[in-house]
Each structure stands twice: as structure tokens, then as C-alpha cells.
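Look at the model first, then read on.

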Amino acid sequence: MNVKELNDVVIRFSGDSGDGMQLTGTLFSDTAALLGNGISTFPDYPSEIRAPQGTVAGVSGFQVHFGNSPMLTPGDYCDVLVAMNPAALKANACWLKKDATIIIDGDSLDEKSIAKAGFKTDNPFEELGIADYNIIIPNITSLTKEALKDTSLDLKSIVKCKNMFALGICLFIFNKELDHPLEYIDAKFLKKNPLVAQANVTVLKAGYNYANNTHVFAHTYSVQPADLPKGKYRSINGNQAIAWGFIAASEKSGRPLFCGSYPITPASVILEELAKRKDLGVKTVQAEDEIAGICTSIGAAFAGNFAVTSTSGPGLSLKSEAMGLAVIAELPLVVVDVQRGGPSTGIPTKTEQSDLKQALWGRNGECPMVVMSVSSPTDCFDMAFQAGKIAMEHMTPVLLLSEGSVANGSQPWKIPAMKDYHEIKAPIATSLDEGESIFMPYKRDAETLARRWALPGTEGMEHRIGGLEKDFLKGTVSSDPKNHQLMVNTRAEKVAKVVDSIPVQDVYGDREGDLLVVGWGGTKGHLQMAVEQLRKEGKKVSHCHFNYINPLPHGVKEIFAGFKKIVVCELNMGQFADYLRMSHQEFKYEQFNKVEGQTFTTVELVDKFNELLED
Amino acid sequence: MNEIKYTQADFKSDQEVKYCPGCGDHAVLAAVQRSMAEYGNKHGEKHGNYVLVSGIGCSSRFPYYMKTYGFHSIHGRANAIATGVKTANPDLKVFVATGDGDSLAIGGNHFIHAVRRNVNLNVVLFNNEIYGMTKGQYSPTSKLGKITKTSPFGTVEKPFSPGELIIGSRGTFFARAVDQEVGLLTECITAAAEHKGMAVVEALVNCVIFNNGTHAPYAGDKATRAENTIVLRHGEKMVFGANKDKGLVLDGFKLKVVTIGQDGYTLDDVLTHDAHEKEPYLHYTLASMKYPEYPVALGVIRDVDEPNYDNEVERQIEEVQATSKIKCVDDLLNSGETWTI
């Protein structure tokens, strides 16, 4: 059999939400990662836990993008679609590349299942206009049953193994070894249920051998390892990386980590990951509501912990008043908002960047906070660390924006060493300053304007803070007009001064050209891929991507001035573009916006950029 | 460790107390300051270890008048913030000053969940049955039919009784006292401070401006109180009246007021208060007693020992740390499945 070399491949595993597609996808991507491929993955699951079987609403998917270089995105369109039933085929047909390979369980192509998936005819392939694609129809369910005919497992458990058959086929096509999935199955099932472990192993091998023996595939494919920096790697998703970044900030500051939070899709994993880390002294309170989530954290911050809270858009709305309290009390706090489709409950499992204005301005009064964002699963660790560093060193709440696609997406991550991270120096006061007869809670550092953090339990430093306007020095309640103006100015200036602690804005590509692509947050990989493609074609396009939003970094104006056109691309109706129009009024901004619950595709970006270049 | 000798004055801040003249909150302030001094002298608890958290409302101005750490927060959230303070640092002695609006309306959820978790907080719930700071609207504890600015024809909603709410949620401590008896108030707050868990003291306070005399029918003066309230003390008979001649007996599932020496009732028939009984039914019934059918119960009604949240959090951390191989972030990052390139 021929082996064809490929640079990168996108596989989408899809089936009923009970078919084990997330596990199948994860096992495939982990195997590819272990063999040195660049990886980016994205799970795509429905809100319903178990929607009716065989319906499009119940289709769960997992996309793996692997290649011989680091993968910037989970990929747009897929080369291979594994569909466990007609509904999975229907749900994903629009994501097929023109010459894609489709592997579909032949046993599922009965009249009833085809009708249940909403097809009008008995030929789903013709109906979808994909009849000439490379369609492989192994009878996965019956082959699984046949492979397990000697087991004493019940039928339901036998059928549950069919995802391993599909995995076996894929591992063969892409010349991957079985070692990793076999080890995983052993680790997961062998002790708990040896019979199930054995069944999964048998079916995995059966799928692999089926693909080898039947020659239904004209070729197998090989994707060479990526040229990744040497070192030790692990796979990590965005939410996990944020949780771990907070733990790192806690370690480097010497402040115990506290997270008060209320479960909400797609942010819950942050709370879950932190709840596991009692071994590192992390305290989590699963609060009674979103408000209590942030309020317990504010209390913990007052008590001297590094306090964080995690949420998604609707929860951020509920936290608004309390964020104002953190602003006026000038306590360190990190609020993570993993954005999802809105407004209101919106589309909880889909990605969007539409909370930016809420993050910047969604509080009563003059209430500035530091706002920053993550841009890939692996940079979540560093950004969470940075958010903690800024919050504690500048005594301010920080809002860290993530989004569904980053939170759930995973990438291989070169494991950093904590010795390479800076210490975080919180301005903790343990005794009165010279000349101070009682503690002045709002006395500030001349450089950063951060106030001091005197922790309850420290004798002689007793003080009162709260949500009422404070006297500039003593912190006592004040409604003096001039004092209020001074405090409003000072809080704004303190946040603005954070600019001196963040990196100068960078740009991918030349600093001059015809078009500057501007983005922020989790679209970084997609924008960069599109820009890369155009640059290879000789077009004068560069990419300027923002992680720091308030304050904006130094150097933005100089970059923007170098381009004939600027296009701001975001998964909302133009929130960052509006923000830039306020902060950098001298430039004209084109917009490219999408609010479909999905991130950009490289194809649509390239089309848009070409259009702008031709105008 | 007992070298400290605090008095009430040691807990007064330099801020002028701005409660209205005649407001019941003055009494609570004095009682809390006395309790802190007493508790401090007994346990060696210093100024710097006390934290007073409050929400919004007249009562919530409290922290400014106290020479302790203080956090005057936002409306309704005092119990949530205090939960964070106490969980973050269980060595602190955390008090909450809150009102009937703060903890039973806007912050009701945090209040019941703090009770459910049994967080080790000392909550003083100022109940004046009115919204004073917003100038006279009815509160969730206003009596049915109460005429206020927002109920010009009288309320048509049933009030909460904080004691029923707390004991109904199997809270571990509930006490009640009136503003005019600073001694009993201090006794209750000190008992709350000694309690390991969520301790709520309901202070029946008079809002002299917007709800003057709301508690007067049973608590107006010493003579009225003697006849219409009953002070419960653990291990003592449930007797009341100026001559201590009335008592409570159990009649089926209900309490009944009897006169000792009449209808064949003797002191032996009168119930003895057991504040430590875990089953909440009798405590609930005692807390539910309403004037004029019954005397209003004062004193420590319920005080039971159960695991508290902040201790359990610490215990779990110690247990996990004893066995986990992950001791630092580097261990964590290198745990689980990794590969080398």
C-alpha cells in the first residue's frame, strides 16, 4: 500500500453524544502528539447532555488538527469525517473539504436512522451533494459485535466499544501506533473492569486490522513530526491552563489561592481544576450563586489571599456590582470570563467575543478595571499568571477574557519551569510607615499608585474599607466633592499606569504595508494563518493581535500608522473596533465581524482581506 | 496568653457614631464592643484578629465605629464576603453586622447558605422590621398589614421570622435579644462568639424614626418584658413573668403557657431548656412563639455542635496534602501524561 506524505490533516470524529467521540478524538490527538506532531483540537458538543439518539441535535464532535509544524488552529474544514450515524453526517457535511474522506458506520444507514436524521430521501450522500466524495462504509457496529462474540459482556456494553473500531481505522490510515491508546485503556479500565478493558483492546485492534486487511483505502498517510523545540511536553486545554496559571501566580506571590465560583458553561472546568488542587493548598468555594462567587473571593482578597473567580457572560452581568466594590476597595482580584454566545443564556456551548464592552464598561460609576485576554490554549497559563501579577502588584481587579473555543481547545504545551517566572511582589504592609500614627489604607506607591495591602490578623494595622467613597489618605467615608474627583482620577490613573508593566505591542509581519489585520483573544491562530497565507502570496499584510485591552500597550499608534488600511476582526459586531475608535481616533477602521457561535475560517478571512486589498 | 485586659472602650474607633438619637443600634454597638472585650480577655484574641463585615443599611455602618478590621461592603453580600474572609483565614474572628433587609431580602440566598454551610461567623442581625436607610419602606420582617411608604394600604405579605428560617435550615446557633437589654444582648453575642459555626443573634431593635415601637408591645419596658418575653437559658426551667410563676409545657406537639400552681401544674411539669439538642423541632417551636399568644423567646435558643465549614476545608486540605505527590507547581505541570521531544 502507498504511503502519501501530508503536511497537515483535519479529522472530525462525530456521533451521538453517548458514542464516546470526545474520548476517541482525544486518544487520536494524544497519540499524534506523542509521535511529535503539532496538534490543535476542539470539541464541539451540544448543550443537551443526551439529546434524542440519532438526531442532529444530539451530535457531538471532536476535531483534531495535526501536522508537521505547530498547529495554530483546530482547522476549519476536515479531510476525514468519522460519522457514527446519519445525523453526524448531516450535522458535519458543511465542514467537509471538497475531496474529503467519509467513514460512516454502514449499520447505521437504515431507513429509520436516515429518517431520524431528517433526510428526505433514502440516500443521504446524494441529498447532501457529497456522493462523489471518498466514502467508506464499514459496518462498524456488526464488526464490533463479531469481534466480541466470545465475550460475556452484555450487548449494550459491546456496542459501546464501537468507537474503538473507528479509532483503530483512523490510526491505521495515518500510520499511527496503537501503543498509546492501549496503555490508556489499560490505565482506565483494567482495574475497574478488566472485561471492558479487554473488549476495548480487542475492538481497537479489530478496527486497525480491518483497515489493513480490506484495502478499502488506496493509500495510507504519513504526517512527519513537527520541528518543535526540544523539551518535555504535555497536552493542555485553555481552562486547565488558566487554573494552573493562577496556581503558579499564587506560588510566586506566596499568597494562598482562593476561588469562589458558581458552575457555568464553558467556565466550570476552571473551578473543577482548582478544586482538585487541595494538595497545593488551593481553597475553592462552590458558591450559592454568581454574586456569592465573586463576593467570597473579595472577602478572601481582603483576608490576604490571591483571589480569583470564574464565570461566563451571564455570570459576569451578575458580578458587576461586586466588581465595582473590588475597584473602590482597591483589592487584588482576577475575574475570568469565558465568553459564550449571548445575549442572555444565548448559546452556552458556542464561542463568541461579545462581552468586551461589558468587561470594559459594565459597572456603575467611573469604574476602570484592567482588561486582558487569552489567545490560545497554551498562552492561557502565562496570561492567567500575568493577570495575577498585575492584580496583586497594582492592587486592582483584573478581568481576564477567555472564550469557549480556547477554553475547550487543547494543544501540546512545552512544560515551563517555575524558576523562569518572576516573583510577584504584592505590597503587603506589616507595620506602619515612618510618621504614620494609624494605618492609612489609601496611601499609595508613588510609581504604581497601588495602595498597601494590610492583612487582617496583623496587630496595629486595623482599618476599614468599603463601597462608600473614601478619603484620599485615611480611607474614612468621604462625600467631599474635591476628594471624590481626586479619587476617581486616581483610580483611573492607577489602571492606566499598568501600561508600564506590560509588553510593548508587537506585530506579526512587516511594520508597514497595505493592510493591518487587527484582532484580540482566541482568533489569533486563525488570523495569523490567513495573514501567513497572503504573505506567502507576496501581499503586504501584517497581523497585530492584542492580549492587553485596558490599558492598551505602548506602541499601537506607531504600528497602526504604518498601514494603508486597518481591519478589525472579531466575533462580535465591532466592540474592539469601537474601542479603538475611541482610543485611537486618528485612524479609520474597517471591520470584519461574525456572530455565528463559531470562530473564523481561514477561507473567509483570506477572501475578506483580498477584497480589502483590491478596493 | 491572657495578658490582655480589654474594655468596651478599646473597641471604639475614632469615628463619630451617626445613628439617630434613640436608635436601637447604639445598644447593639455597645454590646458587640463589650462582647469582643470579654471574648478577647478570655481567649487572648487581639484587636487585629477581629474582622467586622457588613452589607448596606443603617446597621451596616457598624464597621466604621469599631476599632477592628472592617469591610463595609454592598447590599446583601456581607455573609458571602465574610464566608470568603473566614475560609481564606480561619484564624480570624469574623463578625457580620447585617439587617432584616440586607440578610433576609436582597441577601437572603447568601444568608441561608452560610447557615447551611455552618461557616464559623458571628452574625448580628439587626431586626427593626423596616427599611430605615431608604426612609421607611416595609421589610421582609414587617408585620402583616404594616402601613409604610410602599405599603400605604398595609402589606399583604407574610413576614419572615429569622429564627424559623435558621432553625428550619438546621442552623447550629440562634439567639434573640432586645436592644433595651444590653446585658442579655452581650450575653447572646458572647455565646455566639464561643459557638463554633454560624451563629446568628437576632437583635430586636427599634427604629425610632420610621418604625417606632414595633417591638414595644412585648419589649417596651421592663414590666412588659417580664410578662411577655421568656429568657431561655440552657439547663434552666422555661419560666417567665415578674414573679416567675408562668411556664411553658408541652401539650401534644404544641407549647402551652401555664401558671405554676394552677390547674394542677407544678414546676416539675415545666420544660427545661436544652439548647444543645440537635433535633431542631422544639427550638423551632420556641423561636416561633409570637406575642400575644405566647411570650417572645429571648436568649440562646439553639446552640449545637456540628462540623463547621472552614474547619472542614482545612481538614480536607491537610488530608490531601498528606498523601499527594504534588508539592509544588513544577510537580503539577509534570504530572500525568507527558512526552519528550
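Helix α5 (residues 140-147) of chain A packs against helix α9 (residues 194-214) of chain A at an angle of about 120°, and their axes lie 9 Å apart. That angle makes α5(A) oblique to α9(A). This is a predicted model: local features need pLDDT of at least 70, side-chain atom pairs count only at pLDDT 80 or more, and totals for chains, interfaces and linings use all residues. Residues are numbered from 1 along each chain as its sequence is written, and chains are lettered from A and ligands numbered from 1 in the order in which they are written.

**Helix pair in chain A**
- α5(A) passes α9(A) in a right-handed crossing.
- From α5(A), A:Leu143, A:Thr144 and A:Ala147 meet A:Thr202, A:Val203, A:Ala206 and A:Tyr210 of α9(A).
- By class, this contact has 5 nonpolar, 2 polar and no charged residues.

**Chain B against chain A**
- In chain B, 51 residues are in contact with 59 residues of chain A (C-beta atoms, placed from the backbone, within 7 Å).
- Elements giving two or more residues to this side of chain B include β1 (50-54), α4 (108-117) and α10 (309-323).
- α2(B) gives the largest share, 8 residues.
- By class, the side of chain B that touches chain A has 23 nonpolar, 22 polar and 6 charged residues.

**Strand pairing across the chains**
- Strand β17 (residues 464-466) of chain A pairs with β2(B) in the parallel sense over 3 bridges (pairing needs at least two DSSP bridges).
- A:Arg464 has B:Gly70 in β2(B) as its bridge partner.

**Terms**
- Helices (H or I, at least four residues) and strands (E, at least two) are DSSP runs, numbered from the N terminus.
- Axes are lines fitted to C-alpha atoms, for helices over the stretch in contact, and angles run from 0 to 180 degrees between N-to-C directions.
- Angles under 35 degrees are roughly parallel, over 145 roughly antiparallel, 65 to 115 roughly perpendicular and the rest oblique.
- A crossing is right-handed if the near helix is turned clockwise from the far one by less than a right angle, and left-handed if anticlockwise.
- Ala, Val, Leu, Ile, Met, Phe, Trp, Tyr, Cys and Pro count as nonpolar, Asp, Glu, Lys and Arg as charged, and the others, Gly among them, as polar.

Terms used. Contact = placed C-beta atoms within 7 Å.
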